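Please read them with the model open.

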Amino acid sequence: MVYTEYTWEILGYCQELDFSLCYLLLPHLLLAVNLVFFTLSCLTDPGTITKANEALLLQVYEFDEVMFPEKRWCSTCDLRKPARSKHCTPLIQTLNFH
């Protein structure tokens with residue numbers, strides 16, 4: 001509520017100074033886009049690896065045999081670890097936003 005009142009007050013001052021409406025609404029558009037992507041990242045599945053999808057996810061990224069050896073098993077889940085996967089309660093495919 002305070003943000004809306006502040007924005008309305010600033011919008012009035014900026015219109016008196018002949019600022020373009022596009023420049024005044026751009027921060028609000030960027031905030032809305034940021035909130036949408038944040039919500040999507042919170043609600044989507046991070047790529048949990050199970051016995052059912054293990055074979056498919058082993059083919060997503062190539063093993064480089066340096067950081068990601070092909071014959072590595074997760075000691076907690078007893079599943080093969082795909083390249084770039086990390087363990088965090090369930091085995092996660094890639095640690096990008098989780």
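Which residue lies over the face of Tyr 61?

1. That residue is Arg 84, and its distance from the ring centre is 4.2 Å. The model is a predicted one, and this placement should be read as computed from it.

2. Aromatic rings were also checked against each other. The count of aromatic pairs comes to zero, with ring centres required to lie within 6.5 Å for a pair.

3. Helix α2 runs over residues 21-43, which makes 23 residues. From first C-alpha to last, α2 reaches 33 Å, close to the 33 Å expected at 1.5 Å a residue. Even so, α2 has a kink of about 30 degrees, and the kink is centred on Pro 27.

4. The largest pocket holds about 170 Å³ of space. Two elements, α1 (2-16) and α2, each give two or more residues to its lining.

5. Pro 27, where the kink in α2 is centred, is one of the residues lining this pocket. Others in the lining include Tyr 3, Tyr 6, Ile 10, Tyr 23 and His 28. By type, the lining has eight nonpolar residues, two polar and no charged.

How values were computed:
Residues are numbered from 1 along each chain as its sequence is written. This is a predicted model: local features need pLDDT of at least 70, side-chain atom pairs count only at pLDDT 80 or more; totals for chains, interfaces and linings use all residues. Side-chain values use heavy atoms; hydrogens and water are left out. Helices (H or I, at least four residues) and strands (E, at least two) are DSSP runs, numbered from the N terminus. The expected span of a helix is 1.5 Å times one less than its number of residues. The bend at a residue is the angle between axes fitted to the seven residues ending there and the seven starting there. On a 1 Å grid over the protein atoms alone, a cavity is a set of points where a 1.4 Å probe fits but cannot get out, and a pocket is an open set with protein on both sides within 12 Å along at least five of seven lines; lining residues have an atom within 4 Å of a point. Grid points are joined across faces, edges and corners, and a volume is the space filled by probe spheres set on the points. Ala, Val, Leu, Ile, Met, Phe, Trp, Tyr, Cys and Pro count as nonpolar, Asp, Glu, Lys and Arg as charged, and the others, Gly among them, as polar. Rings of Phe, Tyr and Trp (its six-membered ring) pair if their centres lie within 6.5 Å; planes under 30 degrees apart count as stacked, over 60 as edge-to-face and the rest as tilted. A charge sits over a ring if NZ of Lys or CZ of Arg is within 6 Å of the ring centre and within 35 degrees of the ring normal.
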